[in-house]
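Please walk me through this structure. I would like to follow its sheet and the contact between its chains.

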Amino acid sequence: MNVVSRPFGDLTAHVVAFCRRLRARGLAVGPKEAVDALRALSSVDVSDRRECYLALRTVLTSRKDDLALFDLVFEDFWNPPQEAGDHGPQTPQPLENAGDGQAPPPALMEWLDEALQAQGEEPMPAYSPIETLTQKDFSAFTAEELNEVTRLVIAIARRVATRLSRRTRATQRSRRIDLRRTIRHSLRRGGEIIDLAYRRRKIQKTRVVLLADVSGSMDLYSRFLIQFIYALQHALGQVETLVFSTSLTRITEAMSEDDLRQALDEVAKQVPDWSGGTKIGASLRVFLNRYGGAMLTPRTVVIVISDGWDTGDIEVLERAMVELQRRAGRVIWLNPLLGSPGYEPICQGMRAALPYVDIFASAHNLESLRQLERHLAARQK
Amino acid sequence: MHPEITRIQSMLDAQGYVADQTLATSVYLAIQLRKPLLIEGAAGVGKTEVAKVMARALDTDLIRLQCYEGLDATTSLYEWNYQRQLLHIRLQEHSDIPLEVREREIFSEPFLLKRPLLAAITHHKAPVLLIDETDRADEEWEAFLLEVLSDWQVTIPEIGTITAQHVPYVVLTSNRTRELGDALRRRCLYLWIDYPVFEKELAIVRRKVPGINGELAQQIAAFMQFVRRAKLDKTPGIAETLDWSAALIALHRDHLDQEAVEQTLGVLFKQREDAERIRTQWLDHLLRGVEETSREPRPWSQQTIDRVAERVMPRR
């Protein structure tokens, strides 16, 4: 970066600091983008504010959603509302990962994200006005029955997984003629085409991302569903699992432990607030920013397991759902309460999320888990 | 403004493209930094046009690759001319040339069909490569494209590795029917083209529809601003505005009224439901908007339109 930065000195430092701030707000801005930003600025008239703004925006944003955020940070950074001295371009530090290419620890990133999102809300105890309803289905089992049911759940998950892969193969059977190889073979027969060479499209597997609510109002179900997830992951291989309540934790690795109980212990250890309050919107936002790029493709099925009781900002939830639906192939929302007679999705969070959900289903008993297969199989919208 | 940006803006202008500073800056940086430019925006806002005009402004060729679902490496990079190969094999059926030589012969450049990506790489002068509607191709192809964009070289097993002599200027467009991957996005500069504001649309109509009278042009531009506030399946873009203007002129209309609009609704709205929705729910509001605008002091601006819309358009 030295070559670029020399003629600008102070500007370089400011641009780097600006880039870091953008990144803190979730934009995909790394060292490479910072270098591009400097190159861009060296190509325009730096005394022209609008031109600088346009140049930086062209280089540092990469999707429409970035634009508003960029404007905000730009305004705040280069034109702070307070006195210019104390808040403006600050003494910058070198990009923390300019050299080693390592990302900052996930915990820190999450903390940053949350610091930006939490708007002075007190952590609330579990939101559970529906406790009595949970007595009916999964939660009605005794400890002994639970073991039996666990076995059943795992069996169902296996079946779901194998059927899924078989179905994939059947639809991909169509073969295409490989003309290049056909011609090559025919050479040896003086140009007579006798055998056709085929090539086959690679089998594309469904990728599943599971976002499970483990807050108080979901506690009973989630403990159960985690077992289902666990079995599914083992059978399917391509499942990413994350749990959330007031914050989000990726537990895919912990779930891969061979021993189920060990895995659950691991999860309990990792998740700081098993059974705390719920911030669905904020958690989804963290998911989109931190993992969205790697996990979401048009072939991804996202399954959210939650009752939709959000103690956070509903608008945050709605915005996150819009983005989730756009970036994933299909969004399935499993709400255990849906199985309760007379339940209607009237809580605010559920209502806000519903328009952006492709399939809204229950997950309160074994039958409903079986039906999950149908939803998983239809991969694309 | 940087003189080069001004130059590009006037070049775009000379080519008949009404470009604002945002667009000119992005095009300039794409040329200057030699990075692909990703342009997103609704259909009909002139994304594809940018590449065409850029090629003309740079005085180079435009190579266009239209994406579609199922587009694969073969169809976008190269293919062997099988018919020609077969014919050649037949012609040499009884010759004494050894097999290996014959094989080498039919897998050499004269038998190669260059598809857009290879054509761009082997072009004698850096061309503008337009990858249109990238969102329609699938992920696998996107990954393949990313590879081409980073290395600018391709390997053809029978011939060897071909490296670009001149790195093309790349413009990608997307209608956002599918979200493009982050890796591809990060490789590109980004430009979002929104529907034009009143002033810009008016300028475009005046430029592209020669002989239109000033009053009608202003009414059309105002009407379009109001129309885009209606809830429709397919909001009309600039292409529709221009078609509509041409249609109105062909019918010898010199101002907008109910009859003129109803007669030409099909030009503006490509979906029957939208046309119907406009006719039954919106037309009165839209025409009142145009009428009230004409009482506003001139010249009209986007602010004028916003003010009038506030009064006449139903709230969502």
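In which sense do strand 7 and strand 8 of chain A pair, and over how many bridges? Strand 7 (residues 330-334) of chain A runs parallel to strand 8 of chain A, and three bridges join them. Two strands count as paired if DSSP finds at least two bridges between them. I332(A) has I359(A) in strand 8 of chain A as its bridge partner.

This is a predicted model: local features need pLDDT of at least 70, side-chain atom pairs count only at pLDDT 80 or more, and totals for chains, interfaces and linings use all residues. Residues are numbered from 1 along each chain as its sequence is written, while chains are lettered from A and ligands numbered from 1 in the order in which they are written.

Now take the whole sheet. It is open, with six strands in the order 5-4-3-6-7-8 (chain A) and mixed pairing. Strand 5 (248-250) and strand 8 (359-361) of chain A are the edges; each has a single partner strand, so one side of each lacks a neighbour in the sheet. From one strand to the next, the twist averages 20°. Helices (H or I, at least four residues) and strands (E, at least two) are DSSP runs, numbered from the N terminus.

Helix 13 (residues 280-290) of chain A lies across strand 3 (207-213), strand 4 (239-244) and strand 5 of chain A. It runs at about 40° to strand 5 of chain A. Axes are lines fitted to C-alpha atoms, for helices over the stretch in contact, and angles run from 0 to 180 degrees between N-to-C directions.

Next, the contact between chains. Chain A gives 30 residues and chain B gives 31 residues. Residues are in contact if their C-beta atoms, placed from the backbone, lie within 7 Å. On the side of chain A that touches chain B, helix 4 of chain A provides the largest share, six residues.

Conventions:
Two residues are in contact if their C-beta atoms, placed from the backbone, lie within 7 Å.
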